[in-house]
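Colleague: Please take one part of this model and go through it closely. I would like to follow its contacts one after another and then see where they leave us in the rest of the chain.

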Amino acid sequence: MADAPLIDWEALRAEAVRVMGCAYAPYSRFPVGVAGLVDDGRIVSGCNVENAAYGVTLCAECGMVSQLHASGGGRLVAVHCVGGDGAPLMPCGRCRQLLWENGGADCLIVTPEGTLTMADVLPQAFGAPDLDAHGR
Ligand code: THU
C-alpha cells in the first residue's frame with residue numbers, strides 16, 4: 001500500500017470554503033462545504049443540496065463521498081468541513097457514519113477542538129466487521 005499523502009491542511013480548508021459557496025440551501029440558509037484528502041492525493045469535496053421536501057436534503061458529506069467513488073474510489077485520510085462562516089463544522093451523526101465507512105477509525109477530522117480522529121468523534125462505531133461478528 002502506498003504511503004499516506006502529506007496533508008495540506010490549508011488546501012483542504014480552501015476547497016471546503018470554495019465548495020461551501022456552491023451550496024444550495026435556500027430553506028435553512030445554512031451552507032456547508034466539505035473537502036477530503038484521498039489516500040492517493042486527490043481532493044474530493046461536496047456541498048449541501050436542499051429540497052422543498054426537506055427530508056430529501058443531501059448533506060455536503062454525501063456529495064463528497066459520491067465524488068470519492070465517482071472519481072476512482074480510495075480511502076479518505078483527512079476531512080475538513082465548514083459552515084457559512086468558514087469555521088470548522090462537526091458533521092452530523094449520519095455523516096460521521098459515512099466518513100467512518102470511507103475513511104475508518106484513523107481518518108483525521110478538523111474540529112472546533114483541534115484535529116481529531118474518526119475514532120474520537122464516533123466512538124464504538126458500527127462498521128462492516130459488525131455484520132460478520134453479529135450473525136451474518
Ligand atoms: N448539513 C450538512 O450538509 N452536513 C452536516 O454534517 C450537517 C448539516 C446541512 C444539511 C442542511 O442543508 C443544513 O446543513 C442545515 O441542517
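**From a helix to the ligand shell**

Modeller: The side chains of E15 and R18 are joined by a polar contact of 2.8 Å, a term for a pair of N or O atoms within 3.5 Å in which, within protein, one atom must be able to donate a hydrogen and the other to accept it, while residues adjacent in sequence count only if both atoms are side-chain atoms. Please keep in mind that the model is predicted, that local features need pLDDT of at least 70 and side-chain atom pairs count only at pLDDT 80 or more, and that totals for chains, interfaces and linings use all residues. Residues are numbered from 1 along each chain as its sequence is written, and side-chain values use heavy atoms, with hydrogens and water left out.

E15 belongs to helix α1, where helices (H or I, at least four residues) and strands (E, at least two) are DSSP runs numbered from the N terminus. E15 counts as buried because its relative accessibility is 18%; buried means under 20% relative accessible area, exposed over 50%, and partly exposed in between, with a 1.4 Å probe and protein chains only. V17 is also placed in helix α1, but V17 is partly exposed, since its relative accessible area is 28%. If you look from V17 to Q67, 50 residues away along the chain, the two C-alpha atoms are separated by 17 Å.

E15 has another partner, for the side chain of S45 makes a polar contact of 2.6 Å with the side chain of E15. S45 sits in strand β2, which covers residues 43–47, and S45 counts as buried because its relative accessibility is 10%. From S45 one can turn to S28, which is 17 residues away in sequence and, C-alpha to C-alpha, 20 Å away in space.

S28 lies in the loop between α1 (9–20) and β1 (33–38), and with a relative accessible area of 40% S28 is therefore partly exposed. A polar atom of the S28 side chain is 3.0 Å from the backbone nitrogen of F30, and the side chain of S28 also makes a polar contact of 2.5 Å with the side chain of E50. The loop between α1 and β1 also holds R29, which counts as exposed because its relative accessibility is 71%.

What lies around the ligand? The residues there are S28, F30, V32, N48, E50, T57, C59, A60, E61, P91 and C92, a residue being near the ligand if one of its heavy atoms lies within 4 Å of it. By class this shell has 6 nonpolar, 3 polar and 2 charged residues. An N or O atom in the side chain of E50 is 2.5 Å from an oxygen atom of the ligand, and a polar side-chain atom of E61 lies 2.9 Å from a ligand oxygen. From A60 a polar backbone atom takes part, at 2.8 Å from an oxygen atom of the ligand. Taken alone, the ligand exposes 370 Å², and the protein buries 79% of that; these areas come from the Shrake-Rupley method with a 1.4 Å probe.

For comparison, here are some places elsewhere in the chain. C81 lies in strand β3, residues 76–82, and counts as buried because its relative accessibility is 1%. V110, in strand β4 (residues 108–111), is buried as well, since its relative accessible area is 11%. C81 and V110 are 29 residues apart in sequence and 7.3 Å apart in space, C-alpha to C-alpha, whereas V110 and R42, 68 residues apart along the chain, have C-alpha atoms separated by 18 Å. Lastly, Q124 has a positive phi of about 55° although it is not a glycine. Q124 is placed in the loop between α4 (118–121) and α5 (128–133), and Q124 is exposed because its relative accessible area is 84%.

Notes: Ala, Val, Leu, Ile, Met, Phe, Trp, Tyr, Cys and Pro count as nonpolar, Asp, Glu, Lys and Arg as charged, and the others, Gly among them, as polar.
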